[in-house]
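Hello,

Here is the structure I promised to pass on. Please open it first, then read my notes below.

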Amino acid sequence: MSLLNLQIDPDRLHRRIAALAEVGAIEGGGCARLALTDADRAGRDLVCGWMRELGLAVTVDAIGNVVGVRAGRVDGPPVMTGSHIDTVRTGGRYDGNYGVLAGLEVVAALNDAGVTTEHPLAVAFFTNEEGARFAPDMMGSLVYTGVLALDEALAVQGIDGATVGGELARIGYAGPAPVPGAVPRAFVELHVEQGPVLDREGTEIGVVESVQGISWTEIDIRGTSNHAGTTPMSLRRDAGWAAGSIIAFVRELAQELGGDQVATVGRIEFFPNLVNVVPNRAVLTVDLRNTDEARLRLAEARLAAHLDALRDAEKVDIATRKLARFAPVPFAPEMTARIERHARAQGLSTRRMPSGAGHDAQMLAAVCPTAMIFVPSVDGISHNVREYTRPHHIEAGARVLLAVLGELAGATEPAGERKP
Ligand SMILES: [Zn+2]
């Protein structure tokens, strides 16, 4: 199917990104628009104004998610794109914002060309994706898809003591649209990678096949404190050594399992933490991630077996506590294939990849065919005012989004202007 002469206007897209970045602007070119603050309200007002200017029918739901719908020739569920416009306190100007504003640029391109799509097209931004003020993150999309109950979300207290419900009402974004929200026909989220892979490889478009599963474990090891000089090695119950062995083990485990497996010990404490005392206690965390649930379970089992071996070898006691566990979320193969096909048709280099970070799309994936498009982040920097994506990559991602959404929504030529 021909997508006519649909074209994005790069300057318009860059202007909108720059204008939204002015709201809650911080030193260095970044943004601080924590969810449901006055700055978030100002950002929301700006984007809602643009949605209305573009002729979208804007609705706000009970958790403050905003959906702007462009009518199609038939009623029914829209093809949806979107992301979030809240930021962390040291946020960049692209994370989330880019996906929403590129969605508006797609609408503008359709408007410019006078094209009516078969199905409605929706651009959404979801409340509190970042989770920097209120936990959990991805709150708006969790409520939209019915995974998190509205009452539970509204009662959440933030780091400053305010509640989600109170702040939504205060900023005027406790809307009347019901949740869970209407299930879209399909969902596509365009986002900056926030990691170094595309930038390092010089690849232009990331075709995101899945969001990694996460397994966080806290490990508490108890041994015996003793004199570092007088205690023979054979008689030690050294919690510190056991902890060190775990650090080395998870690195080897990730290398051995290969594929997308990553493993990190990010926090460790020794007790009593003195130069000449064998530690009687060590507490550390292990972060395991994989895109494949079976492989992630295998990694967890291998870690558990290693802890058993340590108990025997060093006669230490080891207790474990799960801090977080999310299964991987695979995206729809027909959606990733579509993204890849359009990117290549535009002469762009592509790479299939998982997302290491969580995104609203992983919630939408539970209810409709979903995938994500990544563009390079220079040096992989994000959640930082130095976050940067080069203009031609911003434009390339928007062009792929336009082609994918246009096809999904069934873009057709304006009546009376059919070309031979
Ligand atoms: Zn984001």
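**Cis prolines**

Pro136 sits in the loop between strand 6 (121–125) and helix 4 (139–144). Its peptide bond, from Ala135 to Pro136, is cis, with omega near 5°. Keep in mind throughout that this is a predicted model.

A cis peptide bond also joins Val179 and Pro180, with omega about -5°. Pro180 belongs to the loop between helix 6 and strand 7.

Gly161 is placed in the loop between helix 5 (150–154) and helix 6 (164–170). With a relative accessible area of 38%, Gly161 is partly exposed.

**Positive phi**

Two residues are worth a look in your backbone checks. Asn128 is not a glycine, yet its phi is positive, about 50°. Asn128 is in the loop between strand 6 and helix 4, and Pro136 is found in that loop too. Is Asn128 buried or exposed? Its relative accessibility is 2%, so Asn128 counts as buried; the cut-off is under 20%.

Lys315 also has a positive phi without being a glycine, at about 55°. Lys315 lies in the loop between helix 9 (293–314) and strand 15. Its relative accessibility is 53%, so Lys315 counts as exposed; here the cut-off is over 50%.

**The zinc site**

Which protein atoms are the donors of the zinc ion? They are NE2 of His84, OD of Asp95 and NE2 of His191. These donors lie 2.0 to 2.2 Å from the zinc ion. Along the chain, the donors follow the spacing H-x10-D-x95-H.

His84 lies in the loop between strand 5 (79–83) and helix 3 (97–113), while His191 is in strand 7 (residues 186–192), so the pair ties together parts that are 107 residues apart in sequence. His84 is buried, and His191 is buried as well.

One point before you set up the site: water is not among the atoms, so sites may look incomplete.

**The largest pocket**

The largest pocket holds about 560 Å³ of space. Its lining has 25 residues. Nearest the centre of the pocket are Asp137, Met138, Ile214, Phe326 and Gly358.

Which elements each supply at least two residues of the lining? They are strand 9 (213–222), strand 15 (317–326) and helix 11 (360–364). By residue class, the lining of the largest pocket has twelve nonpolar, eight polar and five charged residues.

Leu323 is found in strand 15, one of the elements that supply the pocket lining. At 35% relative accessibility, Leu323 counts as partly exposed. Setting aside neighbours within four places in sequence, Leu323 is in contact with Trp216, Glu218, Arg267 and Thr285. Leu323 and Glu193 are 130 residues apart in sequence, and their C-alpha atoms are 26 Å apart in space.

Arg12 is in helix 1 (residues 10–21). Its relative accessibility is 15%, so Arg12 counts as buried, the cut-off being under 20%. Not counting residues up to four places away in sequence, Arg12 touches Glu105, Ala108, Ala109 and Asp112. Thr59 is 47 residues from Arg12 in sequence and 24 Å from Arg12 in space, C-alpha to C-alpha.

**The whole chain**

The secondary structure of the protein chain comes to twelve helices and 18 strands. The radius of gyration is 24 Å, close to the 22 Å that the globule rule gives for 420 residues, so the chain is as compact as a globular protein of that length. The C-alpha atoms fill a box of roughly 95 × 45 × 40 Å along the principal axes.

Of the 420 residues in the protein chain, 54% are buried.

Best wishes

Methods: Residues are numbered from 1 along each chain as its sequence is written. This is a predicted model: local features need pLDDT of at least 70, side-chain atom pairs count only at pLDDT 80 or more; totals for chains, interfaces and linings use all residues. Side-chain values use heavy atoms; hydrogens and water are left out. Donors are N, O and S atoms within 2.8 Å of the metal (3.2 Å for Na, K and Ca); water is not among the atoms, so sites may look incomplete. Helices (H or I, at least four residues) and strands (E, at least two) are DSSP runs, numbered from the N terminus. Buried means under 20% relative accessible area, exposed over 50%, partly exposed in between (1.4 Å probe, protein chains only). On a 1 Å grid over the protein atoms alone, a cavity is a set of points where a 1.4 Å probe fits but cannot get out, and a pocket is an open set with protein on both sides within 12 Å along at least five of seven lines; lining residues have an atom within 4 Å of a point. Grid points are joined across faces, edges and corners, and a volume is the space filled by probe spheres set on the points. Ala, Val, Leu, Ile, Met, Phe, Trp, Tyr, Cys and Pro count as nonpolar, Asp, Glu, Lys and Arg as charged, and the others, Gly among them, as polar. The radius of gyration is taken over C-alpha atoms; the globule rule is 2.2 Å times the number of residues to the power 0.38. Contact means heavy atoms within 4.5 Å.
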